[in-house]
Structures are given as structure tokens and as C-alpha cells.
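Me: Could you take one part of this model and go through it slowly with me? I would like to know what surrounds it and how each term is meant.

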Amino acid sequence: MKIVVIGGSGHIGSFLVPRLVRGGHEVINISRGTSAAYVDAPEWQQVRQVTADRHLEDREGTFGDRVADMRADVVVDLVCFTLESATALVNRLRGEAGHLLHCGSIWRYGASRKLPISEGADSTAEPLDEYGIQKRDIARMLKDETASGGLITTSLHPGHIVGPGWHPVGPLGNFDPSVWQKIAAGQPLQIPGGGTELMHHVHADDLAQAFEKTIQRREAAAGEDFNIVAPSALTVRGYMEIAASWFGREPHSEMVSWKDFRETTTPEHADTSWAHLSRNHCLTIEKARSLLGYAPRYEPEQAVREALQWLIGNNKLQVQTSLITTA
């Protein structure tokens, strides 16, 4: 099949594009051309690269034409963030492409009410920010499009994406490198809230696997939406304890109020922590398992450890103690 990947040079595409090439597909990657894939692979030599500024072309009303003119069997949209942009692409691809896959987000769900969170269930509040609202609205539009007999679509909603090449969401729900430095040094961490708040990660290659299986099982995936996360979620306290063991340390922590926590870090890190921990997300992947055959290889802590190994090994994260070698 001819497959167009929009935004294929980022976290997901770094793993998805080589998978598709190995599967025998003709792959076209549309990107801004400002960065290379996070993971080098020989399969990239077989990929046609197209440089485009989607934001600009969306404003001009030409991006949909660009994609439609490629006459793809499948379009994988990894970088769509507004209902307007998604709707314009659907309208242009209707009758021109066989299947549109959209990358959503678990932030289409607001704060949890009942766990685990399943697709279509009333188990969360409404989304908390504009990003989540747009992802929710896009997923609903895509469902309606396929249900009405239009373009065949599927939306996949990943958790906190983890992989080599970038910082993972850490034990405090933010990207502050000093959190890892304190854990590695055996220093105490101040934890906001109760320490039982949940985060649900997913390795980028497991997410790529889900996209690949969605393409392979178009009939089963048509008009559906899927949670794509690791088999389990991490609590703040459990995450910190596991991370400390990687450096041969005992965990040391102090529970503090959110007000006191904000005094220990920057507004950006505090806001990011609140955004992750206040949602308190743990999702089920049973729908993806049963309809797609989704079989994630990584538990969340395995995915995070791999990311840390890359950061430390490439001098992107300076820590006092090395990671303990595992058998």
C-alpha cells in the first residue's frame, strides 16, 4: 500500500515509518523538514520526504489538496491539533483515500471518576484544556464521519509517550531533570498531593505497533477510537520507588501541599505536574487488544528506563550515580 505519514519525523514516526517500510509499504513522510527522526534506521533511505508547513497551508486551504494529490491508500495524521484542521483534511480525502488514522491523546479525558478509563464511558470529567477539548472533538467528528458512510477513519489516543531521544514524564508528573538528579543522589523529593495519583505512559514503539495493526485491520478499526497505553499505570510513589532502585538508592520523600510544592520549583514545572497528576489517569486497553491485536511489549517502567539510559548515555542528563546494569 501507499501510506502517507503526516509528521513522521517525531516521536511516533521515528518508530512507525521504519515499521511500515519493513512491512513492504511505499511510505511518504510529510514534515517541516526541521528535524531528523529520533532513532536512526536504514529503512529511512526508502522513504520519500516531502517538506511542508501544515499550519501555513491549512490557512491557505491547500494542505488537503497536497495530501489528496498523493493518492494514498492510507493517511496517518500524527500532528493534527484542531477540529478545523481535521475537518478540512477529512473533507478533502473523502473519496480519495481508503483510511485516515488520527493521533489523538488521553487528554481528551478530564479528571478521572472511575478507573480504568474505557473508550466512550462516562468515567471522566470533561477535558481540562483546549488541547484536550480539540482532541475530544476531533475523535467525535471522525466517528460521525465513518458512521455516516463517509471516509473510513480511526483515532488512536496515546498516553505519555516515552522513548529514546527525549525526556519522559517523570515521577512528579513533569519534565524537570533535577527530579532524576535527586533520585540518583538519594536526596529527598517533595511530592505534592498524596502520592497515589496515576500516570499512564506508553513506549513510542508500542504506539507505532498500534498504528501498524490498525492499518492491517481496517475493517475492525473503521470508525473506532482506541486507548493506546502500557499494560499498567504508575502511581507517583511507586514510580519514585522503582526509579530509586535503578540507581541503587532507597526512596526518600516528603508529602507536601500543592501550595508548598509550588514554592520548590518553577511555575512551568508546577503547572505541568498539576496537569498530569490532577487527571489521575489509568486506562484500559482491552478494546485495542480485542479488535486490533494490540500487544504492548513495554511496561511503563521499562519504557522510562530505556529513555533514561539514552539521555544519560548521550550526555543529555547528568546524574551523580550510574544506572545499575540489569541482567
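**A pocket and a histidine**

Reply: The second largest pocket holds about 290 Å³ of space, a pocket being an open set of 1 Å grid points where a 1.4 Å probe fits, with protein on both sides within 12 Å along at least five of seven lines. It is lined by 15 residues (an atom within 4 Å of a point), of which Tyr109, Gly120, Ala121, Arg136 and Arg140 lie closest to its centre. The model is predicted, so to speak of local features requires pLDDT of at least 70, and side-chain atom pairs need 80 or more, whereas totals for linings use all residues. Numbering starts from 1 along each chain, and side-chain values use heavy atoms, without hydrogens or water.

Helix α5 (residues 130–147; a DSSP run of H or I, at least four residues) gives the largest share of this pocket's lining, 4 residues. By type, the lining divides into 7 charged residues (Asp, Glu, Lys or Arg), 5 nonpolar and 3 polar.

For the histidine, look at the loop between β9 (198–199) and β10 (201–203), where His200 lies. His200 has 0% relative accessibility and therefore counts as buried, the limit being under 20% with a 1.4 Å probe. Its side chain reaches the backbone oxygen of Ser232 at 3.0 Å, inside the 3.5 Å limit for a polar contact between N or O atoms. Leaving aside residues up to four places away in sequence, His200 also touches (heavy atoms within 4.5 Å) a set of residues including Ile106, Gly159, His160, Val229, Pro231, His281 and Leu283.

Note on methods:
Grid points are joined across faces, edges and corners, and a volume is the space filled by probe spheres set on the points. Helices (H or I, at least four residues) and strands (E, at least two) are DSSP runs, numbered from the N terminus. Buried means under 20% relative accessible area, exposed over 50%, partly exposed in between (1.4 Å probe, protein chains only). A polar contact is a pair of N or O atoms within 3.5 Å; within protein, one must be able to donate a hydrogen and the other to accept it, and residues adjacent in sequence count only if both atoms are side-chain atoms.
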